[in-house]
Amino acid sequence: MKIPLRYQVSEYDCGPTSLLNALGYLFQREEISPELIRNIMLYSLDCYGSGGAPGKRGTSRMAMMFLSNWLEGAGKTGILPVESRYLSGRDVSMDAHSPIVDALHRNGVAVVRLYLDGEH
């Protein structure tokens, strides 16, 4: 069974929500392990807001890089049939032969950090 689109439950959880939506698009519900969901939630929401409030600045680039590398490792070991690459800087492109366009042409997904009144 496919999982319906998830929505953010706060103004801070765009990172984990995006990752869970990406996996929900790629896999059936039964294929997504509790460990996968736990790790996404455990390693995201790692930025501190004003006054030191945990999670109130969302998810850092480092956390997203870690999760991307973790997913790639899960794919290489056969835990989940997935490939993942963390792109940054000039590697992020929508050119015809870019890794993002290639992934989308192969029915993959891309989770991107964008700027809309700040990083999101």
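Author: Val109 sits in the segment after α4 (99-105). Helices are DSSP runs of H or I with at least four residues, strands are runs of E with at least two, and both are numbered from the N terminus. This is a predicted model, in which local features need pLDDT of at least 70 and side-chain atom pairs count only at pLDDT 80 or more, while totals for chains, interfaces and linings use all residues. Residues are numbered from 1 along each chain as its sequence is written, and side-chain values use heavy atoms, with hydrogens and water left out.

Val109 counts as partly exposed because its relative accessibility is 30%. The scale calls a residue buried under 20% relative accessible area, exposed over 50% and partly exposed in between, with a 1.4 Å probe and protein chains only. Together with Tyr25 and Leu26, Val109 forms a nonpolar patch on the surface, with about 240 Å² of accessible area in total. Such areas come from the Shrake-Rupley method with a 1.4 Å probe, and for residues only the protein chains shown count as cover. Patches are made of residues with over 30% relative accessible area and no salt bridge; like charges are joined within 9 Å, and nonpolar side chains (Val, Leu, Ile, Met, Phe, Trp, Tyr) within 5 Å.

Asn107 is also found in the segment after α4. Asn107 is not a glycine, yet its phi is positive, about 65 degrees. With 57% relative accessibility, Asn107 counts as exposed. Leu45, in the loop between α2 and α3, is another residue other than glycine with a positive phi, near 50 degrees. Leu45 is partly exposed, at 28%.

Next come the charged pairs. A salt bridge is a side-chain nitrogen of Lys or Arg within 4 Å of a carboxyl oxygen of Asp or Glu, and the count comes to two. In one of them, Arg106 pairs with Asp102, the closest N and O atoms being 3.2 Å apart. Arg106 is exposed at 53%, while Asp102 is partly exposed at 36%. The side chains of Glu72 and Lys76 also form a salt bridge, at 3.9 Å from N to O. Both residues lie in helix α3 (residues 61-77), four residues apart, about one turn of the helix.

Leaving out residues up to four places away in sequence, Met64 touches Gly15, Leu19, Thr59, Tyr86, Val111 and Arg113, where contact means heavy atoms within 4.5 Å.

Lastly, the count of disulfides (pairs of cysteine sulfur atoms within 2.5 Å) is zero. The sulfur of Cys14 is 10 Å from the closest cysteine sulfur, in Cys47, so the two are too far apart for a bond. Cys14 is buried at 18%, and Cys47 is buried at 18%.
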